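Subject: Structure handover

Hi,

Here is the structure I promised to pass on to you. Please open it alongside this note, and then read on for what turned up in it.

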Number of protein chains: 4
Amino acid sequence: MTDIRSKLTGVFAPAVTPFFNERLVLKDLRYNLKKLNQTELTGYLSLGSNGEYKSLTDKEQLKVLEIFAEEKENKIVMVGCGCESTHQTIEKCNLAGKFGFDFVSVLTPSYFAKQMDGDILKGYFQKVADTSPLPVLIYNAPGFAGGVQIPPKTIERLSHHPNIVGIKDSSPSGPAGLLSLLDPNEEFHVMAGSINFFYPALHLGAVGGIVSLANALPQACHELYHLFKNNRFDKANTLHRRLSKLNAAISGTYGVAGVKAAMDITGYRGGEPRHPLRPLNKEDINMIRDKILTEHFSIA
Amino acid sequence: MTDIRSKLTGVFAPAVTPFFNERLVLKDLRYNLKKLNQTELTGYLSLGSNGEYKSLTDKEQLKVLEIFAEEKENKIVMVGCGCESTHQTIEKCNLAGKFGFDFVSVLTPSYFAKQMDGDILKGYFQKVADTSPLPVLIYNAPGFAGGVQIPPKTIERLSHHPNIVGIKDSSPSGPAGLLSLLDPNEEFHVMAGSINFFYPALHLGAVGGIVSLANALPQACHELYHLFKNNRFDKANTLHRRLSKLNAAISGTYGVAGVKAAMDITGYRGGEPRHPLRPLNKEDINMIRDKILTEHFSIA
Amino acid sequence: MTDIRSKLTGVFAPAVTPFFNERLVLKDLRYNLKKLNQTELTGYLSLGSNGEYKSLTDKEQLKVLEIFAEEKENKIVMVGCGCESTHQTIEKCNLAGKFGFDFVSVLTPSYFAKQMDGDILKGYFQKVADTSPLPVLIYNAPGFAGGVQIPPKTIERLSHHPNIVGIKDSSPSGPAGLLSLLDPNEEFHVMAGSINFFYPALHLGAVGGIVSLANALPQACHELYHLFKNNRFDKANTLHRRLSKLNAAISGTYGVAGVKAAMDITGYRGGEPRHPLRPLNKEDINMIRDKILTEHFSIA
Amino acid sequence: MTDIRSKLTGVFAPAVTPFFNERLVLKDLRYNLKKLNQTELTGYLSLGSNGEYKSLTDKEQLKVLEIFAEEKENKIVMVGCGCESTHQTIEKCNLAGKFGFDFVSVLTPSYFAKQMDGDILKGYFQKVADTSPLPVLIYNAPGFAGGVQIPPKTIERLSHHPNIVGIKDSSPSGPAGLLSLLDPNEEFHVMAGSINFFYPALHLGAVGGIVSLANALPQACHELYHLFKNNRFDKANTLHRRLSKLNAAISGTYGVAGVKAAMDITGYRGGEPRHPLRPLNKEDINMIRDKILTEHFSIA
């Protein structure tokens with residue numbers, strides 16, 4: 001588990017999937033990873049929400065994973081594997097395992113949202129974790145899961161499963177409530193799913209964050225983590241404010257299309273989102289560029 | 001269009017997909033279709049919500065469609081094709097077209113629910129309808145789509161698209177509001193997505209219904225339609241009450257697992273739902289059996 | 001009870017409270033009632049949602065009731081009495097009783113929305129009904145009550161209380177579900193709380209409606225009821241569509257401020273809503289005037 | 001403003017209103033205040049959510065304020081004044097001003113929730129603040145206000161009003177987002193509305209908290225603030241966890257009825273909540289007593 005703690009620490013980028021005219025642009029994904037490899041990010045989430053994984057066919061998902069396998073170097077890789085049925089999710093976990101990645105991130109099913117109570121969700125995560133060749137991170141993201149929330153008591157119970165090593169919390173209120181409920185000695189690691197509550201969550205025991213802004217501003221996101229670890233709280237709080245304001249203007253306003261636009265501005269290759277999502281217009285792109293400059297971050 | 005109106009009328013069963021131990025049981029699907037073919041149902045929705053289509057792999061979806069192609073006889077078949085990206089949805093529509101089915105039913109994307117405003121949804125349905133080889137039915141079901149609702153004005157605009165022939169409305173309030181907004185002379189057909197509001201919707205101009213209860217009690221559901229068409233409103237209202245009460249105890253309480261249990265009781269083969277959904281326990285099955293008997297419907 | 005049934009039938013206007021510069025304009029309320037008395041409306045709801053009762057001080061509520069007492073003539077009067085505590089609600093019911101009005105309409109408490117489960121709500125309505133000198137209509141309006149919904153089973157149980165004579169349902173889905181659950185022989189009367197589902201609800205057994213549009217177009221609303229009672233369903237459906245479209249443009253878009261503007265257009269005196277609500281601007285008023293003309297209703 | 005900053009700091013108890021058999025028990029309120037006066041709490045919120053102010057008649061509210069005036073000693077007193085209309089709210093603010101209290105706390109109107117957009121809310125708070133004799137704290141509590149949220153941009157604009165001195169944020173996600181958006185040099189003070197996010201909010205610039213648990217465990221809540229101010233973050237985090245767990249079991253589970261039960265256990269006089277809320281049964285009270293002991297807090 002020491003190994004797991006050392007891997008699940010710091011900042012991860014939930015890598016985007018670049019498109020052009022509705023088609024995957026794998027060379028741009030490769031470009032991004034090569035460039036992000038130069039930063040101090042701990043690693044990547046492949047096929048996460050910002051990777052638009054639900055908008056990809058199975059074949060396309062495979063191609064994306066191949067790029068990660070080829071380019072990951074010494075970075076840690078988590079793979080988003082959550083599907084609607086346990087059967088499908090296990091299939092994806094097995095695939096991630098064959099590639100030799102590090103973790104799977106498993107979102108709650110939500111099509112039958114009304115049925116997804118604590119009991120059903122407990123059964124789901126247990127069955128997935130019993131079988132998954134890779135350690136499991138629960139992914140709690142009601143905004144992407146039809147409002148489905150994993151009840152805190154269910155999370156507490158799941159935290160004792162030997163193959164469930166943590167949770168990425170992207171619920172609107174962040175992981176603060178969860179962190180106060182969990183026993184701090186437990187071998188269960190909490191990752192913040194948004195830069196908005198990444199810094200306060202660190203004060204409460206979170207070990208890191210998986211934050212969309214790390215696609216465009218990886219070093220600034222890492223720096224926030226670094227300041228916290230060195231008890232430089234005043235500087236950290238100032239950086240937290242700058243990054244949160246920026247995040248509100250990017251992901252908070254435009255979702256993944258905004259993240260991609262910000263990447264194009266800071267020297268990465270975000271590309272287009274896949275339809276029905278749409279790329280930002282020039283005015284919105286300029287607005288993001290201005291915000292990045294206002295908050296004193298550099299652009300490409 | 002006369003042809004379309006004659007096809008989009010009366011009652012459709014959104015066929016379930018039987019499982020046993022997490023595996024598809026295609027022979028039970030075949031059995032159900034052969035038996036439902038004997039009834040006065042107009043047709044089927046294949047790969048709909050009650051078909052647990054989001055819980056099936058692509059290969060499994062293909063197998064299900066093959067059974068429908070083999071067994072459909074003279075019934076009308078709609079195919080659920082809604083995915084998260086326009087790209088995937090069109091791929092499914094093309095597949096349904098190759099089989100020579102009659103309509104596609106297209107659910108709203110919802111993973112990026114916050115982004116799914118009227119404009120994005122309009123673009124989505126237009127692009128799908130521009131390309132689909134089969135006429136498109138919009139499927140409005142916020143309960144299965146993270147709360148995403150298609151704004152009435154968007155529906156109104158989409159109703160003029162030559163390849164969009166109607167809507168299946170399963171929103172909590174049913175199609176009443178929609179029916180009062182749409183021009184009654186329009187070649188756009190409204191189907192009720194629940195037995196709860198099927199009968200009142202008929203009074204407002206709906207042409208039929210796609211109702212889960214038709215899997216277990218096809219003739220009773222058809223009879224309600226028949227009574228309405230013959231202006232026997234008192235009898236119709238009484239039957240409407242009986243079916244609605246029953247539906248509240250089956251689908252309203254247990255979702256697709258309840259529909260499957262009811263089918264087992266009335267002589268069809270519902271089988272198990274796929275995990276994380278669970279089959280009903282004996283007590284719940286008996287409760288459903290009692291309700292069916294209380295409302296004077298026959299069991300197998 | 002025969003008496004109650006005869007009183008709870010047809011169309012009621014939930015009378016608005018006219019303001020000017022934040023002050024009550026009682027003479028305009030008087031004017032409206034005198035004019036509405038000439039119509040075939042069954043009666044009024046005083047101090048309802050459209051009466052902005054929660055925006056009035058206790059003294060102002062008293063003044064409003066005095067006007068109703070003086071002007072009601074042979075019309076039936078219900079009084080909105082729902083407060084946050086049982087204690088306050090009973091105080092208001094007693095006040096309504098002293099005036100000799102006909103019914104009280106009691107909205108669910110909702111400040112502590114999270115606590116308002118079926119059990120608490122049952123206790124609330126029972127205690128109010130045990131004490132109220134006037135027969136009680138339950139008022140189910142989650143849109144005005146922080147999303148609080150009375151569970152159908154709770155309504156079913158309350159329907160047997162001798163002093164609870166019915167329900168006004170303004171939930172988004174209307175009373176259709178409720179009407180299919182209740183025993184049709186029960187001495188419990190269902191009123192539709194919106195013109196949108198008034199007509200279909202009549203087909204399912206509703207006895208009447210309390211609809212905001214009746215403030216501006218009382219005869220047209222009554223006519224819809226009249227057509228239904230005379231089995232002229234085609235004409236009724238057409239009128240239902242016209243009124244529903246209009247309602248979407250008035251109350252559905254602007255709430256009570258829209259209802260007041262519509263009244264000013266059709267010859268009543270709506271006046272201003274109370275701040276923080278705002279009167280409509282000229283452009284919006286003209287839009288409503290156009291809609292009224294488009295749907296062929298007459299204006300003053 | 002220096003004065004205001006010194007007053008708006010540390011921990012406030014949102015005092016409960018004790019009832020017995022539906023009647024106010026003013027001597028128990030007096031008892032609580034006398035005893036809380038001995039603690040290091042900064043002050044009280046009178047007539048807040050935990051004071052069940054919406055369940056009190058105007059006369060009863062007056063009596064409660066009289067007790068506060070008589071017993072407050074050197075404590076700071078805020079008064080909950082939010083009503084549905086600007087007119088009523090100003091009336092309450094004037095009343096609070098006559099008593100010479102320190103601040104008013106103004107909840108968003110919510111009856112017409114659908115209309116309560118940023119523009120309407122801005123107008124509301126501006127008009128109230130223009131007139132109020134006491135400085136205004138905005139009270140953002142969607143859980144008690146039908147889901148109405150004040151948009152962050154509206155809060156930002158209101159923060160510049162000379163008579164709006166801060167905000168109490170009780171939204172589910174707490175004030176973290178807000179704190180990152182506001183300019184830290186602004187004379188606008190953020191108070192956490194729940195012990196759950198009080199400690200992390202302090203790290204982000206919040207100046208204090210108004211937390212229900214301070215009614216039962218005032219010194220422990222103050223201690224958390226004290227530890228933070230002295231940079232004893234490890235101890236603070238541990239105490240934060242203990243208090244948050246306890247709060248989940250008390251207010252989080254039972255609302256104000258739980259807070260009152262906890263007060264009875266720790267030596268205060270919570271008394272009964274007012275109907276339709278109900279006092280806890282013995283089993284639930286014992287559960288709370290056990291939790292208090294488990295987390296090593298003392299009971300009376």
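Before the rest, a word on the basis. This is a predicted model, where local features need pLDDT of at least 70, side-chain atom pairs count only at pLDDT 80 or more, and totals for chains, interfaces and linings use all residues. Residues are numbered from 1 along each chain as its sequence is written, chains are lettered from A and ligands numbered from 1 in the order in which they are written, and side-chain values use heavy atoms, with hydrogens and water left out.

**Where chain B meets chain C**

Chain B brings 19 residues to the contact and chain C brings 18, contact meaning heavy atoms within 4.5 Å. Together the two chains bury about 1700 Å², of which 60% is on carbon and sulfur atoms. Buried area is the accessible area (1.4 Å probe) that two parts lose on being put together, summed over both. On the chain B side, Ser180(B), Leu204(B) and Arg241(B) lose the most area to chain C, together 34% of what that side buries.

Salt bridges between chain B and chain C number 0; the term means a side-chain nitrogen of Lys or Arg within 4 Å of a carboxyl oxygen of Asp or Glu. Helix 7 (176-181), helix 8 (195-203) and helix 10 (233-249) of chain B each give at least two residues to the side that touches chain C. Helices (H or I, at least four residues) are DSSP runs, as are strands (E, at least two), and both are numbered from the N terminus. Helix 10 of chain B has the largest share of that side, 6 residues.

**Salt bridges elsewhere**

The whole structure holds 44 salt bridges over all chains. In one of them, the side chains of Glu60(A) and Arg274(A) meet at 2.8 Å, N to O. Glu60(A) lies in helix 3 (residues 58-71) of chain A and Arg274(A) in the loop between helix 12 (256-266) and helix 13 (282-294) of chain A, so the pair ties together parts that are 214 residues apart in sequence. Glu60(A) is buried at a relative accessible area of 10%, and Arg274(A) is buried at 1%. Buried means under 20% relative accessible area, exposed over 50%, and partly exposed in between (1.4 Å probe, protein chains only).

Another salt bridge joins the side chains of Asp119(B) and Arg278(A) (2.9 Å, N to O). Asp119(B) sits in helix 5 (residues 118-131) of chain B and Arg278(A) in the loop between helix 12 and helix 13 of chain A, so this pair joins two chains. Asp119(B) is partly exposed at 43%, and Arg278(A) is partly exposed at 33%.

Arg278(C) and Asp119(D) also meet through their side chains in a salt bridge (2.9 Å, N to O). This pair crosses from the loop between helix 12 (256-266) and helix 13 (282-294) of chain C to helix 5 (residues 118-131) of chain D.

Best wishes
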